[in-house]
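Subject: Handing over a structure, with notes on what was found

Dear colleague,

I am passing a structure on to you, and I would be grateful if you kept it open beside these notes as you read. The notes follow directly after it.

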Amino acid sequence: MRMTAAVMYEQGLAAPFAQSQPFRIEEVELEGPGDGEVLVEVRAAGLCHSDLSVIEGQRKRPLPIVGGHEGAGIVREVGRGVKGLAVGDHVAMAGVAGCGQCRVCRAGRPGLCQAVSGARAEGLLATGSRRLRLADGGRLNHYSGISVYAQYAVVAPRSLIKIDHAVPLDVAALFGCAVVTGAGAVFNSAQVKPGASVAVIGLGGVGLTAVMAAREAGAARIVGIDVLPSKFDLAKAVGATDCFDARDPEVVPKVLALTDGGVDYAFEISGHLTALEMAQKITVRGGEVVGVGIGKSTSAFTTLQLPWVCEERVLRGSFMGGGVPQDDVPKYVDLYLRGRLPVDRLRSDHIGFDQLNHAFDQLHTGAVVRQILLPHGKL
């Protein structure tokens, strides 16, 4: 079929993106699903900082490529051998899709699957197939195995999570990345305990979800830190007990004083090394720093060996929530439907394809939390 999609031909174009146009909106070809694949009509797709980092060239992708890795839609066709999904199902779409057979997949960590990671790096689906083509028949790559900045997507079923029809599709899209990553970091990776103290550095969609999850986990004090104080009202509304400006030269001693020597868990969401350094400084002896944000692929950081060992500090990575989306997302949806995880508050506004590049300018400045692309112009 022929459809409208957002295609990136070049990374590293300069902002403002409304002028440099990293995404070109054009007609492309999409083949139907093969064996073990599913065709989804994409109804909503979120704009994430991970997408922004790809635009900026911090992480290389095979080009040209159809962007987007957080979305929701309706199943329109099911390939042979697919079980558990049917035409008409509402689904969230996530970039995590393990092979289901390797050592890490069997251990319940599909995000670490090397086989699927290799396929994604080559612009392929998790099945090893490529279903996208340019209008002239030229090669076109998939992004994170889903490519949701398009009207339709062919994906592997392990990238799909069935969603209750009671969840609006523009909210359901958030579960594919922002929610599964932020909540999973709290519930799966850190396993935050009731009464603990938590800091979240970076109050975008993922960070605010981590704040919500920390409240649900029973954290007694939840400190939000960001360079934009304009985010503090929303952070406090969804669970933060205190907020600090990351640019304040006294932010570290202030947090240490507030938390009697530091927080038990510090979640670094922004992907900046300066923020990671701050996370280590504000964590109590025996505490844990959880790295969630990803910066440049060449970025590296160091830590002093003596305090790491003698103060029993933990440095932990958390990729896409450190769990199994098919198991985790239904739990998070249930919390949302019961009003305990108000992720609908993350939505900033709806946009069309014609606003996509400008929307990334707004994300770049921090003016928005989560804008939602509607590939068909409406939900």
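A residue is called buried here when its relative accessible area is under 20%, exposed when that area is over 50%, and partly exposed in between, with a 1.4 Å probe and protein chains only as the basis. Helices (H or I, at least four residues) and strands (E, at least two) are DSSP runs, numbered from the N terminus.

Please bear in mind that this is a predicted model, in which local features need pLDDT of at least 70 and side-chain atom pairs count only at pLDDT 80 or more, whereas totals for chains, interfaces and linings use all residues. Residues are numbered from 1 along each chain as its sequence is written, and side-chain values use heavy atoms, with hydrogens and water left out.

Helices

Helix α7 covers residues 205-217, and its 13 residues reach 18 Å from the first C-alpha to the last, which is close to the 18 Å expected at 1.5 Å a residue (the expected span being 1.5 Å times one less than the number of residues). Because 11 of its 13 residues are buried, α7 is largely enclosed by the rest of the structure. Among these buried residues are G205, V206, L208, M212 and A217, and the buried residues of α7 pack against α6 (178-190), β11 (197-201), β12 (221-226), α8 (232-237) and β18 (370-373), where contact means heavy atoms within 4.5 Å. Just after α7, G218 takes a positive phi of about 95°.

In helix α10 (residues 273-281), the buried residues are A275, L276, M278, A279 and Q280. Their cover includes β11 and β12, together with α9 (251-258), β14 (263-268), β15 (283-291) and β16 (314-317).

Salt bridges

A salt bridge is taken to be a side-chain nitrogen of Lys or Arg within 4 Å of a carboxyl oxygen of Asp or Glu, and by this rule the model has 20 salt bridges. One of them joins E41 to R76, whose closest N and O atoms are 2.7 Å apart. This pair links distant parts of the chain, since E41 belongs to strand β3 (residues 38-46) and R76 to strand β5 (residues 70-78), 35 residues apart. E41 counts as buried at 8% relative accessibility, whereas R76 is partly exposed, with a relative accessible area of 37%.

A second salt bridge is formed by the side chains of K162 and D89, at 3.7 Å from N to O. Here too distant parts of the chain are linked, with K162 in strand β10 (residues 160-162) and D89 in the loop between β5 and β6 (90-94), 73 residues apart. K162 is partly exposed at 46%, while D89, at 14% relative accessibility, is buried. In the salt bridge between D226 and K231, the closest N and O atoms are 3.6 Å apart, and both D226 and K231 are buried.

E31, E37, R131 and R133 are linked in a network of salt bridges. The side chain of E37 reaches the backbone nitrogen of G34 at 2.7 Å. Leaving aside residues up to four places away in sequence, E37 touches residues including V78, L125, R131, V154 and P157.

Backbone details

Most residues other than glycine have a negative phi, and most peptide bonds are trans. Against that background, the peptide bond from A15 to P16 is cis, with omega near 5°, and P16 lies in the loop between β1 (2-8) and α1 (17-20). The peptide bond from L63 to P64 is likewise cis, with omega near -5°, and P64 is found in the loop between α2 (49-55) and β4 (65-66).

Q191, in the loop between α6 and β11, has a phi near 50°. M320 has a positive phi of about 50°, lies in the loop between β16 and α12 (325-337), and is buried, with a relative accessible area of 11%.

With kind regards

Note on methods
Polar contact = N/O pair within 3.5 Å; in protein donor to acceptor, adjacent residues only side chain to side chain.
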